[in-house]
Amino acid sequence: MAQSKGTVVLAYSGGLDTSCILVWLKEQGYDVIAYLANIGQKEDFEAARKKALALGAKKVYIEDVSREFVEGFIWPAVQASALYEDRYLLGTALARPCIAQGLVGIAQQERAPYIAHGATGKGNDQVRFELSCYALCPKIKVVAPWRLPEFYQRFPGRRELMDYAKKHGIPVPVTPQTPWSMDENLMHISYEAGILENPKVIDHGSRGAGGVSCVCSLIGNFTAGPPVRVPVKVTNTGDGATRSSALELFVYLNDIAGKHGVGRIDIVENRFVGMKSRGIYETPAGTILYHAHLDIEAFTMDREVRKIKQGLSLKFSELVYNGFWHSPECEFLRECIGRSQEPVVGTVRLSVFKGHVYILGRESPKSLYNEELV
C-alpha cells in the first residue's frame, strides 16, 4: 500500500468501472469516500452502499437529489427551450452539474482535498464534472484515473478490469453485458459506445416500451412559481389523474410519454472534446414539456423579445452541453431567460400518440392573440 495521500470523494455508481477505481485509489494511498447521487436512475442504492463499504470505502454518502434536479436544473432548461444541435434535450449534460454540486458539498464537509470520477478521457462528462467542481470549489483537486497513464496502461480493456475485479474480490456482473453503455436519470436514458459506434447499426428493439395505439390527452399548466414560470400541474383528461409537485409531475409524464414512445432520437453530435459521437436518447417527459412550453411561450411572449430569447437559448444549450452550468456566463443567461418568462402563463392541451406530441389548444390570461382582429 502506498503512502497516505489524503481523502478523495469518488463519484460512485456501483458498477464495474467505479468499483475498480475505488480499490485502485486505495492502492494509490487515498482514503476513499464514495458518493452516490439519486437522480432518478433505477438502482439498488443499499446494495451499492454495502458493496462500496466491502471494497474499503471509508464512508458512503447516498443523496436523493431528484427533486433538486427537476426544480434546479430541468426547469431552467424547459424555460430556455434548451436543445443542443437542434435535437438533443441535454439529459446527461444537466445531470452532471447536479451530481458535482453534491460531490463538492461532501468534499467540503469531509475536508477532503480531492474528488475523483470514472469518466473517460474521450467524453464530455470529464469536462462537465471538472468544470463544475472547479467553479464550486477552485481549490479542489481532481483525480481522473482514465487520463492517468499508470491507470489506462494497466487497464487497456474490459478484460483487464474484469481480471482486476476477480483478483480483488470485486463482485462482477453475472449476466452478459449489453453491447452498449447506458446512462439513466430522470431527464433521459442514453445509449452509446459498443456496437453503436458503427453509425450504420440499427438496434432499437430492446429499449423501453413501444408506442401504443390509443391517444392520451393531457392538460399542462404553466403558472407562477416565483420568481419565474414553471410547469405546475398536469391532468390526464382520460382518467382525471392530476399531478402537481415538480417531481411527481415529471415522473408521471415520463411514465405516460414513455409508454407512447415519445422522445426517442438517434443522432450524431459534436462532443466538446472535438469528435463526433453517436447517441441514442429517450427523453419522454422532457419532450412533452419542450413542446408544451414552446407553444404557450409563442402565445404570450412579445415577438422581438422572443427573437432575442431564442438566441440566448442557443448559447445556453451550448454552455450546458460543454459543462459550463456553474459559470458566470451561464448564470447570467439563466437570469435573462427567467426574466423573459414572466408573461409565459397559461394552459396547454395536448395528446401523445405513437411517438408524437400533438398540441390541441391553449389559453392564457397573458395572451397576445387577438381573436377579434384575426
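Trainee: Where is the place of Leu249?
Mentor: Leu249 sits in helix H8, which covers residues 246-259; helices here are DSSP runs of H or I with at least four residues, strands are runs of E with at least two, and both are numbered from the N terminus. This is a predicted model, in which local features need pLDDT of at least 70 and side-chain atom pairs count only at pLDDT 80 or more, while totals for chains, interfaces and linings use all residues. Residues are numbered from 1 along each chain as its sequence is written, and side-chain values use heavy atoms, with hydrogens and water left out.

Trainee: Is Leu249 buried or exposed?
Mentor: Leu249 is buried, because its relative accessible area is 1%, and buried means under 20%, exposed over 50% and partly exposed in between, with a 1.4 Å probe and protein chains only.

Trainee: And which residues does Leu249 touch?
Mentor: Leaving aside residues up to four places away in sequence, Leu249 touches Trp75, Pro231, Val232, Lys233, Val234, Arg243 and Ser244, where a contact means heavy atoms within 4.5 Å.

Trainee: OK, another residue: where does Ser327 lie?
Mentor: Ser327 lies in the loop between helix H10 (303-321) and helix H11 (328-340), and with a relative accessible area of 8% Ser327 is buried.

Trainee: How are Ser327 and Tyr134 separated?
Mentor: Along the chain Ser327 and Tyr134 are 193 residues apart, while their C-alpha atoms are separated by 9.9 Å.

Trainee: What does UniProt list for residues 230-374?
Mentor: The unreviewed UniProt entry lists "domain: Arginosuccinate synthase C-terminal" for residues 230-374; UniProt positions are given in the numbering used here, feature names are shortened, and annotations may be inferred rather than shown by experiment. In the model that span is 43% helix and 27% strand, and its end C-alpha atoms lie 29 Å apart.

Trainee: What about residues 8-171?
Mentor: The UniProt annotation there, also from an unreviewed entry, is "domain: Arginosuccinate synthase-like N-terminal", and over residues 8-171 the chain is 50% helix and 15% strand, with end C-alpha atoms 22 Å apart.

Trainee: Zooming out, how many helices and strands does the protein chain have?
Mentor: The protein chain has eleven helices and 14 strands, and 51% of its 374 residues count as buried.

Trainee: What is the radius of gyration of the protein chain?
Mentor: The protein chain has 22 Å, which agrees with the value near 21 Å that a compact globule of 374 residues would have; the radius is taken over C-alpha atoms, and the globule rule is 2.2 Å times the number of residues to the power 0.38.
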